Amino acid sequence: MEVIIRPTYQEMSQAAAHEVAKVLNTKPNAVMGMATGSTPLGLYQELVRMHVEEALDFSQVTTFNLDEYVGLPVTHPQSYHHFMHEIFFRHINIPPQNIYIPSGTTSNYPAFCQWYEDSIQRCGGIDLQILGIGTDGHIAFNEPGSSLSSRTRLKTLAKQTIEDNSRFFEHPGEVPVYAITMGVGTILEAKEIILIANGANKAAAITAAIEGPITSMITASGLQLHPTAKVFLDHEAANQLSMREYYDWLEEKRPGAPR
Ligand code: GLP
């Protein structure tokens with residue numbers, strides 16, 4: 001895994017956005033995997049800025065979101081449908097028919113999950129997957145114990161995740177217990193992957209994911225199996241990494257890096 005450390009959340013977000021723009025400028029009809037949560041807010045804000053000020057074009061882009069809560073209507077302020085629309089999609093020029101987000105209200109989850117997997121394949125697979133990480137090391141909603149070859153499916157959330165995400169809801173009891181999520185196997189098939197994390201509360205999960213053993217107990221550690229996964233961190237999220245000096249050295253010696 002390539003580890004890229006920036007002093008602040010804003011700089012981390014900009015570095016990650018630059019990576020996304022690089023893919024879109026090389027392949028204007030790229031298929032992107034999208035993440036929700038508070039971490040990617042700065043990244044989406046930067047992409048919107050690039051769209052407005054630098055004409056970054058989304059007119060041929062297709063997106064697949066990682067996950068959605070089960071039981072929340074798309075209009076619910078905490079549904080990932082609502083989040084993506086408000087934070088990102090309504091500010092860019094992506095055609096609405098190119099947006100895929102798992103359904104949290106389907107009457108047939110197994111059939112929907114298969115259709116979602118098939119749709120990713122039909123669109124040529126994901127070119128660039130954006131990921132955040134949960135404090136328990138999960139990616140998307142692949143909680144500890146999820147198979148590293150899992151596919152899109154219905155998942156019961158861990159108590160820790162429900163507690164972490166309750167900050168977005170008016171009452172803690174409102175957090176859905178189930179979600180539909182791409183699997184770790186689905187995610188690992190993306191041609192490129194970037195994971196972003198900031199803040200001291202992510203430091204332990206990040207250290208386990210990058211430097212610990214590959215284990216289904218920390219599903220983000222599955223990214224060690226991906227040939228080119230990149231992890232963008234701010235200083236706080238990086239502060240427990242034992243190889244920190246080495247990552248900084250690599251960055252300094254990266255071909256093309258300013259001397
Ligand atoms: C949820 C999402 C994940 C996200 C995680 C972290 O569980 N399903 O995709 O990475 O939250 O969220 P935050 O960025 O708000 O810390």
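**View 1. Surroundings of Q129 in the predicted model.** Leaving aside neighbours within four places in sequence, Q129 is in contact (heavy atoms within 4.5 Å) with G33, M34, L66, M182, I187, A190, E192, I193 and I194. Q129 belongs to strand β6, residues 128-131, where strands (E, at least two residues) and helices (H or I, at least four) are DSSP runs numbered from the N terminus. Because its relative accessibility is 0%, Q129 counts as buried, a term that stands for under 20% relative accessible area with a 1.4 Å probe and protein chains only. This is a predicted model, in which local features need pLDDT of at least 70 and side-chain atom pairs count only at pLDDT 80 or more, while totals for chains, interfaces and linings use all residues. Residues are numbered from 1 along each chain as its sequence is written, and side-chain values use heavy atoms, with hydrogens and water left out.

**View 2. Packing of helices α2 and α3.** Helix α2 (residues 41-54) packs with α3 at an angle of about 40 degrees, their axes lying 10 Å apart. That angle makes α2 oblique to α3, since angles under 35 degrees count as roughly parallel, over 145 as roughly antiparallel, 65 to 115 as roughly perpendicular and the rest as oblique. The axes are lines fitted to C-alpha atoms over the stretch in contact, and angles run from 0 to 180 degrees between N-to-C directions. From α2, L41, Y44 and V48 meet F83, M84 and I87 of α3. By class, this contact of α2 with α3 has six nonpolar, no polar and no charged residues; Ala, Val, Leu, Ile, Met, Phe, Trp, Tyr, Cys and Pro count as nonpolar, Asp, Glu, Lys and Arg as charged, and the others, Gly among them, as polar.

**View 3. The largest pocket.** The volume of the largest pocket is about 560 Å³. A pocket is an open set of points on a 1 Å grid over the protein atoms alone, where a 1.4 Å probe fits, with protein on both sides within 12 Å along at least five of seven lines; lining residues have an atom within 4 Å of a point. The largest pocket is lined by 31 residues, of which T36, G37, S38, N165 and R167 lie nearest its centre. Strand β4 (67-69) and helices α3 (80-87) and α5 (159-165) each supply at least two residues of this lining.

**View 4. The second largest pocket.** About 180 Å³ of space lies in the second largest pocket, and the largest share of its lining, four residues, comes from α1. By class, that lining has three nonpolar, one polar and seven charged residues.

Key
Grid points are joined across faces, edges and corners, and a volume is the space filled by probe spheres set on the points. Buried means under 20% relative accessible area, exposed over 50%, partly exposed in between (1.4 Å probe, protein chains only).
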